[in-house]
Amino acid sequence: MSEKVSVIVPVYNAEKYLHRCIQSILNQSYENWEAIFVNDGSTDSSLSILQEYAKKDSRIRVIDKNNGGPASARNAGLDALQTDFFTFVDADDSISPNFIQKTLKAAIDNPCDLVVTDFSFQGKACGLFFSGLVNINPSQYIKCVFVGPVAKLYRSNVVNTTEHKLRFPEDMMCAEDIVFSISYAARIKSFYAIAEPMYNYHYDSEDSVTHRLARLELPLEQYMNCVEAPWRIYRDIINTSDIKQSHIISQWAHALYNELWKMFYQNKQRFINKEAQKKLAAHFRLRHKDFIPHVSLWKRLTAPQRHPRLIKILKFIWHTSKRAFKR
């Protein structure tokens, strides 16, 4: 193999974790790579750390820009791409020494436009339980595959076509990574899965959007973004000329419709404030209407995520009856 792989790393105030991330890239068994570090207006010593590493290794490129958020930083990395393959690594995470070598080999040998690996969280593997070449099934892909942008190897020609550039939505401060990942998957037919944890998700930063989202420390608009994410992906799919088959659009629309309901219920339950719940519900109804042309009435009425309480009751009855039958 001789192909060069780009590693895109968005960096914002990551001085505590940056050495670990950079060292994991330097330790790769496959040496034909370049690392594009995008400093997104850090106010700590992140930029100086990056510049020091760049002096020592010519494969490290540093882009310094004003703060615009993680989507803006990743997009700057995508705009700077000069290779056929790329991957994302977060500045507080790390990758195993054979990550690039194994994912690139899988992409070339099969061939396919996406390679997904398992990842570890607090030392334990979690995520993938299957290996090999898999045809993309929208509902299964969303449920079974880690849908963030990391732990994956991508092909540049999928995000930079002559008709369309796939980028992260910069007006979303959360769930923008899911929009990119699933929109990418909708453009390809299959992916290769490696059930080996080669991406190390450390989850160190207490100030991360994920932590703050769970603690209800973000404005209501950011929780609306989570509800809006499936709609954003849906709009991208139906408006992209690359995706012409109506049955593919219908499959994705149905899967994303379920996710729309799921995100709505999950985020609605976070708020005790009735006014916030009303605003979230009004936002949901606007997005819900757009799905009607591509999701039949029957599928809308029987969407599993639309009836979470009923499903819980049915599951309880099922498990209770199974225990009673065993006795």
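Contact here means heavy atoms within 4.5 Å, and helices (H or I, at least four residues) and strands (E, at least two) are DSSP runs numbered from the N terminus. The structure is a predicted model, in which local features need pLDDT of at least 70 and side-chain atom pairs count only at pLDDT 80 or more, while totals for chains, interfaces and linings use all residues. Residues are numbered from 1 along each chain as its sequence is written, and side-chain values use heavy atoms, with hydrogens and water left out.

In the packing of two helices, P70, A71, R74 and L78 of α3 meet E176, D177 and F180 of α7. Helix α3 spans residues 70–79 and helix α7 residues 176–185; their axes are 9 Å apart and cross at an angle of about 40 degrees. Axes are lines fitted to C-alpha atoms, for helices over the stretch in contact, and angles run from 0 to 180 degrees between N-to-C directions. Helix α3 is therefore oblique to α7, given that angles under 35 degrees count as roughly parallel, over 145 as roughly antiparallel, 65 to 115 as roughly perpendicular and the rest as oblique.

F180 also belongs to a cluster in which ring pairs link F86, F88, Y154, F168, F180 and Y184. Rings of Phe, Tyr and Trp (its six-membered ring) pair if their centres lie within 6.5 Å; planes under 30 degrees apart count as stacked, over 60 as edge-to-face and the rest as tilted. The whole structure holds 22 aromatic pairs. One of them joins F86 and F88, whose ring centres are 5.5 Å apart and whose planes stand at 85 degrees, so this pair is edge-to-face. Both F86 and F88 are buried, where buried means under 20% relative accessible area, exposed over 50% and partly exposed in between (1.4 Å probe, protein chains only).

The pair of F121 and Y201 is tilted, because the planes lie at 40 degrees, with ring centres 5.7 Å apart. F121 lies in strand β6 (residues 114–121) and Y201 in strand β10 (residues 190–201), so the pair ties together parts that are 80 residues apart in sequence. F121 is partly exposed at a relative accessible area of 26%, and Y201 is partly exposed at 22%.

Charged groups also sit over rings. The criterion is that NZ of Lys or CZ of Arg is within 6 Å of the ring centre and within 35 degrees of the ring normal. The charged end of R287 sits over the ring of W231, 3.9 Å from its centre.
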